[in-house]
Amino acid sequence: MSGASSLTIPNDSSLTLIIKGALEIGAGSQVYTPDKGLTSQGLPVFSIYSSYSGTGINLTGGTEEIYAAIYAPLTDIQISSAIGFKGSLLGKSVSVTGAGGVHYDEALGKAKSGNNGGSATAARLVFKGWQYL
């Protein structure tokens, strides 16, 4: 995302991105997320899962705080902005520069990872590989 592009996640909604490549939310672009990190169903409002190896997640701009749960154990995450980040970050490395900061939300530790359809076992995310169609 760059320029004047925007992404809006409405209240009590969630968006999950599962990516193999790099993700950049650049200067001028906006991601509008609800003020609370979990929906009423207990799902993170914005989740990013990445299997990319290298510098793959760059958050470099915007005028609104981003609220997200990022799980990218092989990926270098760079946050360079005057705007804060709220949520959770797990990356190979995490670099934060600029006047912004990171606020870890402890509530995300209790988040659900999906709808288990009423099953007695908890839902979980399992990566089984990529399939090209």
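Val94, Val96 and Val102 form a nonpolar surface patch of about 210 Å². A patch here takes residues with over 30% relative accessible area and no salt bridge, nonpolar side chains (Val, Leu, Ile, Met, Phe, Trp, Tyr) being joined within 5 Å and like charges within 9 Å. A salt bridge means a Lys or Arg side-chain nitrogen within 4 Å of an Asp or Glu carboxyl oxygen. Areas are Shrake-Rupley, 1.4 Å probe, with only the protein chains shown as cover for residues.

This is a predicted model: local features need pLDDT of at least 70, side-chain atom pairs pLDDT 80 or more, while totals for chains, interfaces and linings use all residues. Numbering runs from 1 along each chain as its sequence is written, and side-chain values use heavy atoms, without hydrogens or water.

Val96 sits in strand β8 (residues 85-97). Strands are DSSP E runs of at least two residues, helices H or I runs of at least four, numbered from the N terminus. Val96 is partly exposed, because its relative accessibility is 38% and that class lies between buried, under 20%, and exposed, over 50% (1.4 Å probe, protein chains only).

Now the core. The largest nonpolar core has 20 residues. That means buried Ala, Val, Leu, Ile, Met, Phe, Trp, Tyr and Cys joined through side-chain atoms within 4.5 Å. Among those with the most contacts inside it are Phe46, Ile57 and Ile70. β3 (23-25), β5, β6 (54-59) and β7 (66-80) each supply at least two residues of this core. β7 gives the largest share, eight.

Last, Thr39. It lies in the loop between β4 (30-32) and β5 (46-50). Thr39 is buried, because its relative accessible area is 8%. Beyond four places in sequence, Thr39 touches Asp12, Ser13, Ser14 and Val45, contact being heavy atoms within 4.5 Å.
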